Amino acid sequence: MCYITTTMPLMLTQLLAGDGAISFAFCMVQIYIAVTLGGVEILLLEVMAYEPLPGHLLSFNLPCSHGQVLPVAVQFNILDNRSSGLLVSQNCCGPNQINNFICEIPMVLKLACGDTRIAEAIIFGIGGFFIMVPLSIVLTSYGFILHSVLQMKSGGWRKAFSTCGSHLIVISMFYGPLLWVYLIPKTDSAADRDKHTAIFYVLITPLLNSVVYTLRNKDFHRAEAMTEAKNFTSVKEFILLGLTSHRKAQLLLFGIILIIYFLTVLGNILIIILVKVNSNLNTPMYYFLSHLAWVDMCYVTTTMPLMLTQLLTGDGAISFAFCMVQIYIAVTLGGVEILLLGVMAYDRYLAICCPLLYPVLMDKCCQLQCSSACWITPSLVCLIYIVCLLCQNYCGPNQINNFICEMPVVLKLACGDTRIAEAIIFGIGGFFLLVPLSIVLTSYGFILHSVLQMKSGGWRKAFSTCASHLIVISMFYGPLLWVYIIPKTDSAADRDKQIAIFYVLITPLLNSVVYTLRNKDFHRAVKEAMTEAENFTSVKEFILLGFTNDRKVQLLLFGVIFIFYLTTILGNLLIIILVESDVQLNTPMYYFLFHLAVIEICYVTSTMPIMLSHLMAGNGAISFPLCIAQIFVAGSMATTESLLLGVMAYDRYLAICSPLIYTVVMDQQCQLQFALACWIIAPLLCAICDAFLVSQTFCGPNHINHFMCEIPAVLKLSCGDTQLVENIVSSAGALLLLLPLCVILTSYVFILYSVSHMKSTAGQRKAFSTCGSHLLVVTLFYGPSFFIYVIPKSFSAPDRNKHSAIFYVLVTPLLNPIIYTLRNKDIHRSVRKILQRKDF
């Protein structure tokens, strides 16, 4: 673990930055630590080979204790100091390029200008000694072990070989590359060969060690850590009491928080896009601001969707595991924001106090290193928080007086002594709050001193660039210092909850507002983006050619499509009303059917009214924004339907294959989560596809050989290269069609297997009757969709695509309610009940 931490983070930084520069001092440090740890592993492998020697082979007693391994490792540490000293004593004055991905002694020695023979001889001698002597002990040990095992009469030899097999594999993986590279420090072979060998012992061996020792090890399999963890904590879920228990207030808060969530996401996406596309914003300040926008967007996505679900269902239950995950992600992102604010303060200090050195000190490599450190460090440190929480015993009350899971509140529910955990959390939290805050205050102290000495009007610009950052710092640190520095507050819990509202809801929303409201660079970037968007596409409208140019046929089609539209709306409205009004239809199957009916209404409303207006007017003109809006809405509804059909298949699988646990698994909360997932995922993915479509240039013909706007048909009119967009749309379409289809097919394979094993013929008929309608709808939906969306190169036959589109735009939404109601006894019974009401 220490070895890969010495090598891999630097490799990752270099791969991300595309810059392999490493300072001389850091190179020496990396060599020292890596070689030291390699030496420790060599000695440990020797000790592990010595440990399983049979007791009767030892003529004297040599007990192996912890105190005997450490001095040997320390001796290697001392010898490694001498090796590092030999490297530092060399004169490196020539080329500085190392043909490797990490610093290693042989490669660095090749760059020395002077005579390296003495250094090579010493390193060769020490390396050979510390490789060959332990290897000799290993071979001798296994020689004695083999001799002893061969003399065993019982089946004990199997156990002996099983205990030694893993160790022998690890020794082979470790010594093979080492003997290849380190025993010959100045090899005449190709340098690339040594580099390829290094890949094995730097990347592969540390990964495989844990796999080799645990894969077939019965002791590890038998380890009862999971069982003990389950028994240690009797609380399986927490109950978040939320903001209020009043139902009307919950629904009102749902609407408010939903608006805040969308505004926060949109505001931060705007910052990210502007910084990415506008060359004037390619500065360190805006680079770090884009990372801050990512942090805020991820943070609200960790907290708000769960709040919205709880407000909508009125149920604050959250599983223990999910609570821990939320704490980890939220605290990690909070830590990232803390460090980013410190880095941004240091960036302002360099820009104002050291303007001449600023471009050199805060170059792209430095920016990447700072941002990487901000993201990686909290994610590692927050693991300590989670370990502290998981080590506690939760056996008592499980009600959390908050709307999200937070460490101080969860710790209050622990049954045991939490003082150590509180002290650790207090110490780490205080360090991660106060150190960046100290950097911020120190930076602004120097900035204030520099600004006061300015004679010209430059102080106004300096203050304008710093004001936004200072406001954000004030909004961020105020609530955090109140809640997190004091993990066990004696004040009222409601006060802490009210403070949490500020940094969970308000701060992420205001961050984007504060940075953009009076920022001239952002205002200029928005204006440029809007101007470029206007100039980028000369086409202001498209002309949909529709079905035909014959006026009489157009009027006839108008009447037919109008009947289709009304029938579709009425049929799906009937399903919605029946499911909503009849208590007997309050089952998961009809709940999802309710959502399917809503989708069909939205889908036909996004397509048919425009078709009807074009047929009536005889003119297929549609503005560019309306065309993009139609693509987004229709695509979102179709994608939501695809996901929902997969969920409905899974629901049928649970109902038929697992009837005893069906009501427990598919409860109201699970139904709502599935429905929300379908409604949220689809628009987000369609928005990405639309964004790529809008980025295309449309400067040529504007005639679309279709009766509605669709991505394949519109892409044909683009003037630029559409290969990337076609690939993205094709991949997204295939993913969103194939994944639900795989769920559907897998579910029905299990259903078919269960039904075939049923002894009752009536049970088989009932199972097939409940699945028949769904299978028919799936066939109607997926047939035309695969024909058009999965094969993007079908553009060669536009009329064929248009005829296929008629089916899923007009026919499928009409047939869905007919299929689900025609032979459905529950629907028939519900209709009769409504017709028999006296007030009807």
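Let's start with one residue. Leaving out residues up to four places away in sequence, Asp-582 touches Ser-830 and Lys-833; contact here means heavy atoms within 4.5 Å. A word on the source: this is a predicted model, where local features need pLDDT of at least 70, side-chain atom pairs count only at pLDDT 80 or more, and totals for chains, interfaces and linings use all residues. Residues are numbered from 1 along each chain as its sequence is written, and side-chain values use heavy atoms, with hydrogens and water left out.

Back to Asp-582. The side chains of Asp-582 and Lys-833 make a polar contact at 3.3 Å. That term means a pair of N or O atoms within 3.5 Å; within protein, one must be able to donate a hydrogen and the other to accept it, and residues adjacent in sequence count only if both atoms are side-chain atoms.

Where does Asp-582 sit? In the loop between helix H20 (551–581) and helix H21 (588–617). Helices (H or I, at least four residues) and strands (E, at least two) are DSSP runs, numbered from the N terminus.

Now the sheet. Three strands form an open sheet, in the order E5-E4-E6, with mixed pairing. Two strands pair if DSSP finds at least two bridges between them.

Strand E4 (residues 541–544) and E5 run antiparallel, joined by three bridges. One example: Phe-542 has Ile-622 in E5 as its bridge partner.

Last, the whole chain. The protein chain has 29 helices and six strands.
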